[in-house]
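Subject: Structure handover

Hello,

Please find the structure below, with the sequence. My notes on it follow.

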Amino acid sequence: MSVILAEKSKVALDGESLTLEQVVSVARYGAKVELQPAARHKVQKSRDYVDKIIAGNQRVYGITTGFGKFSDVVISKDDAKKLQRNLIMSHATGVGEPLAAEIVRAILLLRANALAKGFSGIRLSTLQTLID
């Protein structure tokens with residue numbers, strides 16, 4: 001696909017076939033991104049598995065336990081949301097000048113593409129927020 005055509009198109013994200021031209025199309029030219037149904041299914045299946053782990057009180061690193069030296073600490077269902085929020089907040093920092101919008105769009109697209117593979121247990125709504 002040429003960049004000129006990509007400028008006017010939508011990028012169908014499936015986690016498997018993203019091209020450099022599509023990245024340029026989204027990053028530089030604002031092409032819209034849509035999550036493919038097959039990817040949506042894989043992401044939901046993975047999330048359903050995480051929910052099953054949580055509901056079954058299974059001990060799984062980083063899902064129902066802490067991280068690193070706290071991997072032996074079981075996290076209650078009530079504290080799980082707080083743990084996940086704190087994890088995001090602990091990584092939400094940076095130094096220096098903000099990145100250009102084009103670079104941020106490329107980074108978010110690449111992250112969304114990786115998550116669309118369906119291996120992370122992410123909620124579809126979270127992935128859709130990245131895509132939007």
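How much accessible surface does the chain have, and what percentage of it belongs to carbon and sulfur atoms? The total comes to about 9,100 Å², and carbon and sulfur atoms account for 58% of that. Please keep in mind that this is a predicted model.

Overall layout

The chain has 132 residues, of which 29% are buried. Its secondary structure amounts to six helices and two strands, arranged along the sequence as α-β-α-β-α-α-α-α. The C-alpha trace spans about 55 × 40 × 20 Å along its principal axes. If you take the contacts between residues at least 6 apart in sequence, 47% of them join residues at least 24 apart. As for charge, there are 19 positive and 13 negative side chains, and the centres of these two sets are 4 Å apart.

The nonpolar core

The largest nonpolar core holds 19 residues. Leu13, Val26, Val33, Leu35, Leu109, Leu127 and Ile131 have the most contacts inside it. Two or more residues each come from strand E1 (11–13), H2, strand E2 (33–35), helix H3 (37–55), helix H5 (101–115) and helix H6 (124–131). H5 gives the most, with four residues.

Leucine 35 shows how some of these parts meet. Leaving aside residues up to four places away in sequence, leucine 35 touches Leu13, Arg40, Ala116, Leu124, Leu127 and Ile131.

Glutamine 22

Is glutamine 22 buried or exposed? Glutamine 22 counts as buried because its relative accessibility is 13%, and the cut-off for buried is under 20%. This residue is in helix H2, which covers residues 20–29. A polar atom of the glutamine 22 side chain lies 2.9 Å from the backbone nitrogen of threonine 19. Beyond the residues up to four places away in sequence, glutamine 22 touches Val11, Ser17 and Leu109. Leu109 is also one of the residues with the most contacts inside the core.

Lysine 42

Lysine 42 belongs to helix H3. With a relative accessibility of 28%, lysine 42 counts as partly exposed. Again not counting residues up to four places away in sequence, lysine 42 is in contact with Asp14, Glu16, Ala116, Lys117 and Gly118. Ala116 is among the residues touched by leucine 35 as well. Lysine 42 and leucine 115 are 73 residues apart along the chain, with 9.8 Å between their C-alpha atoms.

Regards

Key:
Residues are numbered from 1 along each chain as its sequence is written. This is a predicted model: local features need pLDDT of at least 70, side-chain atom pairs count only at pLDDT 80 or more; totals for chains, interfaces and linings use all residues. Side-chain values use heavy atoms; hydrogens and water are left out. Buried means under 20% relative accessible area, exposed over 50%, partly exposed in between (1.4 Å probe, protein chains only). A polar contact is a pair of N or O atoms within 3.5 Å; within protein, one must be able to donate a hydrogen and the other to accept it, and residues adjacent in sequence count only if both atoms are side-chain atoms. Contact means heavy atoms within 4.5 Å. A nonpolar core is a set of buried Ala, Val, Leu, Ile, Met, Phe, Trp, Tyr and Cys residues joined through side-chain atoms within 4.5 Å. Accessible areas come from the Shrake-Rupley method with a 1.4 Å probe; for residues, only the protein chains shown count as cover. Lys and Arg count as positive and Asp and Glu as negative; His and the chain ends are not counted. The place of a charge is taken as NZ of Lys, CZ of Arg, CG of Asp or CD of Glu.
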